Amino acid sequence: MKNTQVLSLKNLSKRFGSVVANNSVNIELYRGEVLSLLGENGAGKTTLMNMLFGHYLPDSGSIDVLGNDGQMRKLVLGHPQASLDAGIGMVHQHFTLAENLTVLDNILLGSEKLWAWRHDRNKARNKILKIIDRTGLSAPLDEKVARLTVGERQRVEILKALYHEVKILVLDEPTAVLTPQEADALFENIDSMTKDGLSVIFISHKLREVLKFSNRIAVLRHGEKVGEIATSDANERVIARMMVGEETIKNPIDKIQLGNPILQLNEVSVKGDSMRTSLNRTNFTIHENEIVGIAGVSGNGQSVLAKLISGLIDPDSGDLLIEGENVEYFSPNGMQSLGVGRIPEDRHHDGVVGAMSVAENLVIERLQDKDVNKNGFLQNRAIKENAETLIEKYDIRGPGIDAKASLLSGGNIQKLILARVFECKPNVILANQPTRGLDLGAANEVARHLLEARGRGAGVLLISEDLDEILALSDRIMVIHNGSLIETVNKDREVIGLMMAGEKI
Amino acid sequence: MIRIEPREMPSKWWTVGIPIMSALVAILLAAIPLALAGANIFEAYTQMAKGIFGSTFAFTEMLTRATPLIFTGLAATIAFRAKLWNIGAEGQLYLGAMAAVTVGTGLIDAPSFILIPVILFAGAISGAVGMAAPTYLKTRFGADEVVTTLLLNFIIIIFLQMMLEGPLKDPMGMGWPQSEPILENGILPQLIPRMRIHSGLIIALISAGLVHLLLSKSIWGFKIRAVGENAPAALHAGINVNRTFMGAAVVSGAIAGLAGVSEVAGLRGYLTTDLSPGFGYTGIVVAMLAGLSPIGVVISAIFIASIFVGADTMSRAIGVSSYLADLVVAISLICVLIGGFVARYRFIRTNKVNA
């Protein structure tokens, strides 16, 4: 391997409001190497790549790229075109191909001038055939993309990038959609491409793949690069520990006596969009005075589980029991009346009606209550008083109770939702990613309310990608992977990290 | 580059001032085609004003024209608030009118205080069914209501032609495709003797007040607003989204049906296929101009009716094409929409980012 540096990210930092997405990240990339970028969701991988592609403008730091003259040059930041011109390409997890066009057309798409008189397709074809020859990335050039398998489509995406003569290729979880065989073929292709001089940044959660075929591994955690290691020195345990961190839990929660079972799932199966996101014969029980954490990489069945408990979908088979009673009819309203409080994953999309006022959003789940609804009419005075009390009690800061909810910050929107949920004194609480994107203060507030609810006898199902949060708050932890839940024996971060990556322990 | 960002707090002045400004700008812009048509601008606008305010007759004519527009504007407002795109007010209007002549031309004979409510009720039900059907298809099968309601308009008009050539045809109508006249007891009372203005206007104004009350003060209206602004969040909060759509559809269709009753029982007396010169479609314009506010609908219906009636008078007085009225309405709509955009968003210049 030649040791020519092709890319250097220097001290890149990016903040969104009070949330630090990347803090002074340094990464180098050398010619012909595969660098794996590892990290949990929310560790800052996407933000970092978005800065590399010019979608985000870093708050500080710089990016150097090897120019055609062999010199490192500063990349113009915040300009996607500049990044493309510098030879940086990306294959997204979700493909960006036009299904009704042929493979050849898709590869050419975007590389032709809009007002070109004619397209020299033969020249282009020859160039692509040469690339195929060199790398072994085979694809039927005259077939429509709609008829291609997922693996073939991915090869088309890579061919497209190579056709644009990229020198640095970012693969975002390329194997997530592939069968093991297709994945192996992809690795072989990448191998020959890197021999050809291409440098690859490989984003993945699958430790085994990372170990198998990358040269170096960089690990991000909470927006910072926490470690970098040559693959030859690494093993799964070492990486898992780097990913999830080693610090001890700060305030372990006190043990309290569990009550009766309050939420039970017996052999519940629910179909999702794919096998991976479906729930498969799930069993678990949550008791009074208990917080059960569900750890896992997103897209492994969490959202189906959350929708089920929110009453948005019916189970295909199996039983769901609340306080020992079988739930027959699934609806959000029905779940509410059974005492299930729900903190939705996407608070902007599912949590509040942004165009309506803070006061209105605070009562939107209680439209049947007598103090809100009198003979079908809104009790505006009661609604206002309710809002005044709650913004005080839950410290919801914003322009006032009559202001649109969309004017609140993310943390205050979450506090609004907390107020709505906890004021109803729910027996079961579904908290889905309750602290995602929140600053420390708001996140602590969420934790305090969850623990308070646990203390008064509620059962909490906490779904989170933040392992620290789960470790800090949960009485028991289950790991979700490919739609299956496995209970962990203890709070060993390393073991949980491996289970999240699908390793059998 | 210019970035467009929503204004955080659009002020009251903007929300009221923008439409008025827009209307003035529209009238100024409309002077250009008028001048091109060879008219004396000053003379043209004087004639226009006379056509609206020149006499009691002119003024009541304008209000008579505004009446169906208030109804159809309200119909659009309710549906659009729920993001239910009812483009079928025209068809629902004719359904209402058909129901009115079916029950009002001799099927039942009763004193006015019974027959008029019966006719109104029949028209409202008929219009409601006309909107409930496509909404059912939307909630049950996901059929796009823009397509279904729009196409239903044509089906209903052709159905009406068939009825007017068949069962509803007036045997005394000298062969014209028109219905029998509504019974004397079923005619909506006139408001001023010898003027065409009728109590349909009163019903329209009451409807506007009721719709305002329902949308802003009732649980039903709360649900409609929540579903319209963010259906996933409304669903998540336990609001039955499909039922809310259906509720909005029924009331929207019923009000559009009342527009038909008001025209046939208040103005014409009998039904023909040219009862409405597109009141259903103009209602959409009325509602958009009003920013989907029920009270605003009354004002914008009067504004649009003024332009139509005024431009009519003007075109007759100075001899320019009456299509100029449509042009003025179109220009003012564009101005108000742009104005609304300016009120809601601000434009920020951003400098190119340099390394």
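Two residues are in contact if their C-beta atoms, placed from the backbone, lie within 7 Å. The structure discussed here is a predicted model.

Q: What makes residues of domain 1 and domain 2 of chain A count as being in contact?
A: The criterion is C-beta atoms within 7 Å. By that criterion, 14 residues of domain 1 of chain A are in contact with 15 residues of domain 2 of chain A. Helix α8 (residues 236-244) of chain A supplies the largest share of the domain 1 side, with 6 residues.

Q: How many nonpolar, polar and charged residues has the side of domain 1 of chain A that touches domain 2 of chain A?
A: That side of domain 1 has 5 nonpolar, 4 polar and 5 charged residues.

Q: Which residues does the domain assignment give to domain 2 of chain A?
A: Domain 2 of chain A comprises 249-339 + 426-505, while domain 1 covers 5-244 and domain 3 covers 348-424. The centres of domain 1 and domain 2 of chain A, taken over C-alpha atoms, are separated by 34 Å.

Q: What makes β4 and β5 of chain A a pair of strands?
A: A pair requires at least two bridges. Strand β4 (residues 60-66) of chain A is joined to β5(A) by 3 bridges, so the two strands pair, and they run antiparallel. V65(A) has R73(A) in β5(A) as its bridge partner.

Q: Why are β2 and β5 of chain A called edge strands?
A: In the open sheet of 4 strands, the order is β2-β1-β4-β5 (chain A), with antiparallel pairing. Strands β2 (19-30) and β5 (72-74) of chain A each pair on one side only, and are the edge strands. From one strand to the next, the twist averages 20°.

Key
Residues are numbered from 1 along each chain as its sequence is written. Chains are lettered from A and ligands numbered from 1 in the order in which they are written. This is a predicted model: local features need pLDDT of at least 70, side-chain atom pairs count only at pLDDT 80 or more; totals for chains, interfaces and linings use all residues. Domain bounds come from an automatic or database domain assignment. Ala, Val, Leu, Ile, Met, Phe, Trp, Tyr, Cys and Pro count as nonpolar, Asp, Glu, Lys and Arg as charged, and the others, Gly among them, as polar. Axes are lines fitted to C-alpha atoms, for helices over the stretch in contact, and angles run from 0 to 180 degrees between N-to-C directions.
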